[in-house]
Amino acid sequence: MKTALRVILIITGIFSLIYSIEMLAVLSFNLGYLLPGLFGALIFIAAVFWDKISSVTNAGIGKKLKIAFFICLAFVILSFTIMCVAVRVISNRIPADEKDVVIVLGAGLRGEQVSSTLALRLDKAAEYLRRNPDTIVVVSGGRGDDEPIPEALAMERYLTAGGIEPNRIYKEDKSLTTLQNFKYSKVLLDGLFAGRPYSAVFVSNDFHMLRAGLMAAKTGLDAEGFAAPSQFYMLPSYYSREYLALLYFLVFEAAF
């Protein structure tokens, strides 16, 4: 039984390492691409040095550290599972039609073109806009350090190329984080609607819906989520990064 478990851990560790190496080689450096590899390296080392680790964790401080480690591991597994279930439930919801505005959250550029992740968000927003011709759209995203133009400008170009009328598109081009996406978009919309109530839908990828919804609520924006799909092969990196980002938000930002 122990041998079989060690083999499973070694194989899992190797595949996780290969996944991260391929992601980092093909795409730009990103913590989400690195995390599966770090996890894989840890379980690979644990499997290879299983006997030696066991010998120093059977008594004394080593045993206490082992107990603490397994408590932390149980917390991570449980909380990660809860997050994944919540994300799937939320991302399956379909917002009502005839909302006043769609807010599309930025997600990085490739040169002056939208990334594949951002294209999926914009396609989902366009789907809603075509179904609801009276709805306007706010494309939200500033210019990152490695981006030649603001994300909002590239997003506007993508939507107009896809047939969305330019007079329906409003740009919020200052935000650099999801929280700022909602904060600055709300300021823009409050001015646009001149104090009148308005209904909103925000669009992001499915893995991001839980945290984005919490951030929208934090800024006082009452908006339903509309989930765009994600590339299947990217899910390990997306979910590992999202887990850490959600923990950070809940601990350091949610109450402030």
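**Before you start**

Because the model is predicted, local features are given only where pLDDT is at least 70 and side-chain atom pairs only at pLDDT 80 or more, while totals for chains, interfaces and linings use all residues. Residues are numbered from 1 along each chain as its sequence is written, and side-chain values use heavy atoms, with hydrogens and water left out.

**Stop 1: the whole chain**

Along the principal axes, the C-alpha atoms fill a box of roughly 70 × 35 × 30 Å. Of the 256 residues, 42% count as buried; buried means under 20% relative accessible area, exposed over 50% and partly exposed in between (1.4 Å probe, protein chains only). A contact means heavy atoms within 4.5 Å. Among contacts with a separation of 6 or more, 72% are between residues 24 or more positions apart.

**Stop 2: the largest nonpolar core**

Select Val102, Val114, Leu122, Val137, Val139 and Leu159. These residues have the most contacts inside the largest nonpolar core, which has 23 residues. A nonpolar core is a set of buried Ala, Val, Leu, Ile, Met, Phe, Trp, Tyr and Cys residues joined through side-chain atoms within 4.5 Å. Strand 1 (101-105), helix 5, strand 4 (136-140), helix 6 and strand 6 (200-205) each give two or more residues to this core. Which element gives the most? Helix 5 does, with seven residues.

Leaving out residues up to four places away in sequence, Val102 touches Ala125, Tyr128, Leu129, Thr135, Ile136, Val137, Val138, Val201 and Val203. Another core, of 19 residues, lies apart from the largest one and includes Ile103, Ile136, Ala200 and Ala223.

**Stop 3: helix 5 and helix 6**

Select residues 116-131 for helix 5 and residues 151-161 for helix 6. Their axes come within 10 Å and cross at roughly 50°. Axes are lines fitted to C-alpha atoms, for helices over the stretch in contact, and angles run from 0 to 180 degrees between N-to-C directions. The two helices are therefore oblique to each other: angles under 35 degrees count as roughly parallel, over 145 as roughly antiparallel, 65 to 115 as roughly perpendicular and the rest as oblique.

Helix 5 passes helix 6 in a right-handed crossing. A crossing is left-handed if the near helix is turned anticlockwise from the far one by less than a right angle, and right-handed if clockwise. On helix 5, the contact is made by Leu118, Ala119, Leu122, Asp123 and Ala126; on helix 6, by Met155, Tyr158 and Leu159.

Stay on helix 6 and colour Glu151, Ala152, Ala154, Met155, Glu156 and Leu159, which are buried. Their cover includes strand 1, strand 2 (109-110), strand 3 (113-114), helix 5, strand 4 and strand 5 (169-172). Glycine 163 follows helix 6 and has a positive phi, near 100°.

**Stop 4: alanine 200**

Select Ala200 in strand 6. Is alanine 200 buried or exposed? Alanine 200 is buried, with a relative accessible area of 1%. Lysine 99 is 101 residues away from alanine 200 in sequence, yet 5.6 Å away in space, C-alpha to C-alpha. Beyond its neighbours within four places in sequence, alanine 200 is in contact with Lys99, Val101, Asp222, Ala223 and Glu224.

**Stop 5: phenylalanine 182**

Move to Phe182 in helix 7. Phenylalanine 182 is buried, with a relative accessible area of 0%. Not counting residues up to four places away, phenylalanine 182 touches Leu105, Phe202, Ala212, Met215, Ala216, Thr219 and Leu221.

**Stop 6: helix 8 and helix 9**

Select helix 8 (residues 209-218) and colour Met209, Leu210, Arg211, Ala212, Met215 and Ala216, which are buried. Helix 8 makes the contact with Leu210, Arg211, Leu214, Met215 and Lys218, and helix 9 with Glu242, Ala245, Leu246, Phe249, Leu250 and Glu253. Just after helix 8, glycine 220 takes a positive phi of about 85°.

Key: Helix = DSSP H or I, 4+ residues; strand = E, 2+ residues; numbered from the N terminus.
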